[in-house]
Amino acid sequence: MTAKIIDGKAFAAQIREKVAAHVARLKSDHDMVPGLAVVLVGEDPASQVYVRNKGKQTVEAGMAGFEHKLDAATSEEDILRLVDRLNADPKVHGILVQLPLPDHVDSSKVINRINPAKDVDGFHISNVGLLGTGQKSMVPCTPLGCLMMLRDHHGSLSGLNAVVLGRSNIVGKPMAQLLLADNCTVTIAHSRTKDLARICRGADILVVAVGRPEMVQGDWVKPGATVIDVGMNRIQHPDNPDKTKLVGDVDFAAAAQVAGAITPVPGGVGPMTIACLLANTVTACCRAHGLPEPQ
Ligand code: NDP
């Protein structure tokens, strides 16, 4: 069997088109421009790339982008002051603080200082609680992107066995909540889980977010299952030691022989994450002004 490749890049382009159309309507009908502020502290190379891409796509969708690049030594107090300013700024509808923050900064304190209505990453404790109790919230972008691809592929997810490999606050846990809300039977696996391969083999839907290059083998996948690979790992290129290569947490070649559908890396979850961030910013803008939200 050869799996259907779920094209996250094409799907994300469709979402961005819808976002841009909604933004254009907000401008023409309400003279309103959704604004996204991104805060980057320090010079982590991967974070710099993410922030640059987010800024570029924000502007391409017709929205206002505000980038705040702070020195790695910036004090927690100063970061909190900036968040307060952005909370109070009516031009800013979404605030994203790029993680990880430097060690001397308490990330939870910074994230929980963001006005929950502007928390487009969905990491504020209020949004976490709302999601966990099935109430309207800001949904974290990466799991939201995964859910959209799964719904698109399956239609209904009701009754399917889902295994989420990884229990981080930003991917694994919210992913599990979303699948539960869509009536999957959800298992969350992690580094202490026993007999991981057997548990993964029971999954109709396998979402992998561990940060371990190509850890999930072909024989961990149930024939016909849908595999969503969240992992983004830069490894040495097998054919050229001077180059690097981006791989997921799943052995793609082997898993694609067994799965019914699978996301590639790159071109799967990654582009969906940024598209969902833009969509969340438009949603935040509409909610702030009591306007209908994009569907
Ligand atoms: P974390 O490091 O925060 O969490 C990793 C999780 O995987 C933990 O729950 C950990 O278990 C579990 N884990 C680690 N090793 C093993 C193992 N050998 N067996 C079983 N479970 C294991 O990572 P994130 O959730 O932040 O990210 C995961 C991956 O997704 C990374 O590659 C990251 O780069 C990528 N990512 C991609 C995004 C995108 O847009 N495509 C966005 C965000 C992340 P335990 O809790 O027991 O330690």
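Because the model is predicted, local features need pLDDT of at least 70 and side-chain atom pairs count only at pLDDT 80 or more, while totals for chains, interfaces and linings use all residues.

**Domains**

Start by colouring domain 1 (30–117) and domain 2 (141–269) separately; these bounds come from an automatic or database domain assignment. The C-alpha centres of domain 1 and domain 2 lie 28 Å apart. Then select residues 6–121, which an unreviewed UniProt entry lists as "domain: Tetrahydrofolate dehydrogenase/cyclohydrolase catalytic"; such annotations may be inferred rather than shown by experiment, and UniProt positions are given in the numbering used here, with feature names shortened. Over residues 6–121 the chain is 49% helix and 16% strand, with its end C-alpha atoms 24 Å apart, where helices (H or I, at least four residues) and strands (E, at least two) are DSSP runs numbered from the N terminus. Residues 140–287 are listed by UniProt, again in an unreviewed entry, as "domain: Tetrahydrofolate dehydrogenase/cyclohydrolase NAD(P)-binding", and over this range the chain is 36% helix and 22% strand, with the end C-alpha atoms 17 Å apart.

Select helix H3 (residues 76–88), whose 13 residues reach 19 Å from the first C-alpha to the last, close to the 18 Å expected at 1.5 Å a residue; the expected span is 1.5 Å times one less than the number of residues. Show the side chains of Ile79, Val83 and Leu86, the buried residues of H3. These three cover an arc of only 60 degrees around the axis, which puts them on the same side of H3; the arc is that of the directions from the helix axis to the C-beta atoms. On the other side of H3, Glu77, Arg81, Arg85 and Ala88 are exposed. A residue is buried if 20 or more other C-beta atoms lie within 10 Å of its own, exposed if 12 or fewer, and partly exposed in between, with C-beta atoms placed from the backbone.

Next select helix H5 (residues 125–132), in which Asn127, Val128 and Leu131 are buried. Seen down the axis of H5, these buried residues fall within an arc of 105 degrees, so they line one face of the helix, whereas Ile125 and Gly129, on the other side of H5, are exposed.

**Backbone details in the loops**

Go to the cis peptide bond between leucine 99 and proline 100, where omega is about 0 degrees; proline 100 sits in the loop between strand S4 (94–97) and helix H4 (107–111). A cis peptide bond also joins valine 265 and proline 266, and proline 266 is in the loop between strand S11 (261–262) and H10.

Asparagine 183, in the loop between helix H7 (172–181) and S6, has a positive phi of about 70 degrees although it is not a glycine. Asparagine 183 counts as partly exposed because it has 13 C-beta neighbours inside 10 Å.

**The ligand**

Finish at the ligand, which 23 residues surround, the closest being Gly166, Ser168, Ser191, Gly211 and Thr273; a residue is near a molecule if its C-beta atom, placed from the backbone, lies within 6 Å of it. Helix H10 (residues 269–288) gives the most to this shell, with 3 residues.

How values were computed: Residues are numbered from 1 along each chain as its sequence is written.
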